[in-house]
Amino acid sequence: MPNTLATDAAARRSQEETLPWVSTHPVTTQANKLVILATGGGKRYLITLRPGQVFHTNLGHFQHDDLIGLPLGTTVHSQLGNPVLLLEPSLSDLITRIKRNTQIIFPKDAAYLVHKLSLRNGDQVIEAGTGSGGLTIALAWAVAPAGRVYTYEVRDDNYQIARANLERVGLLENVSMYMQSVAEGFRQQGADAVFLDVRTPNLFLDQVRAALRPGGFFAALIPTTNQVIDLLAALERKSFADIAVEELLLRQYKVVPDRLRPDDSMVGHTGYLVSARPVVDPTDPGRWLSEDRKRYAARLEFEEKALAEEERRQAGNTDAGDRPRRLPLP
Ligand SMILES: C[S@@+](CC[C@H](N)C(=O)[O-])C[C@H]1O[C@@H](n2cnc3c(N)ncnc32)[C@H](O)[C@@H]1O
């Protein structure tokens, strides 16, 4: 009797092997491309391999020529005999190893933002301020090759640094950069998403509305609760709905399989992520307030009524000596 399980498995394997699949990732290090040199001590150097150049570290130096054309994942040694591992840079490596003139948006927040803004290849996304270009890298990575990032910055020094960073990581061709304040508005209309990383995003919601397509996505990242409160008030005034306030905490682990436990310290706070969608027919903007918000408003109204009732009672306007009338809790 034929072994049908074995023949099924063989048929499946032959199908899998014939799937047309070609990885777009390089398998060897290449001249004029970025590579990570990872040390045993946890350091990661992002360098562009240039023929004839030398890379100096406190572990010794490395001739670029000796690093070009090797399979990624190869261990190489400095002239002092210290080893480093050659790795393809991840998106996180690109974001965290750029030159910084400002605080940048870290990978944990950038990754979630890409989801909240629902970005995909082909999208048109607007961002301000550019800062050092940390988030711009994540946005361009998400919308390339068919999409585009339009990024606005007021400071010339930040603009120049972000431009150099984007050029270095090979994403400048997917980005349009403007030295212009959000206050003046954006040059684009019909954008799929707008993201603000400025101190007062609450002041720029008219500009956001004017640039977004109907149904488009808005988000901002702000470090303090005071800014969140100002932004929430402005979002309500300007008829945004589907409002969310979120914060991400990321915990790293000590990689010891026999004694797996979190690192002793962690980054306590980066920022609050506020996201919302514009309502295009704001006839009754209050309708889309969150249930918590509506319940709180009802409670405030109740407390005001109860206070007024008590004041009337004490002034003798109700039957003296009556027990205060209990108002129903909302
Ligand atoms: C925190 S940084 C942005 C960091 C950036 N998201 C990153 O990941 O590298 C804020 C930037 O917004 C810029 N900025 C402040 N007000 C602005 C405005 N009204 N229009 C455009 N950019 C502005 C600042 O100059 C600064 O570079």
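Two strands count as paired if DSSP finds at least two bridges between them. Helices (H or I, at least four residues) and strands (E, at least two) are DSSP runs, numbered from the N terminus. The model is predicted: local features require pLDDT of at least 70, side-chain atom pairs count only at pLDDT 80 or more, and totals for chains, interfaces and linings use all residues. Residue numbers start from 1 along each chain as its sequence is written.

Seven strands form an open sheet with mixed pairing, in the order β9-β8-β7-β10-β11-β15-β12. β9 (175-179) and β12 (240-246) stand at the edges with a single partner strand each, so one side of each has no neighbour in the sheet. From one strand to the next, the twist averages 15°, where axes are lines fitted to C-alpha atoms, for helices over the stretch in contact, and angles run from 0 to 180 degrees between N-to-C directions.

Helix α5 (residues 134-143) lies across β7 (124-128), β8 and β9, at about 160° to β8; contact requires C-beta atoms, placed from the backbone, within 7 Å.

Strand β10 has six of its six residues buried, so it is largely enclosed by the rest of the structure; buried denotes 20 or more other C-beta atoms within 10 Å of a residue's own. β10 runs parallel to β7, with four bridges, and E127 stands opposite F195 in β10. β10 also pairs with β11 in the parallel sense over five bridges.

Technical notes: Contact = placed C-beta atoms within 7 Å. Buried ≥ 20, exposed ≤ 12 C-beta atoms within 10 Å, placed from the backbone.
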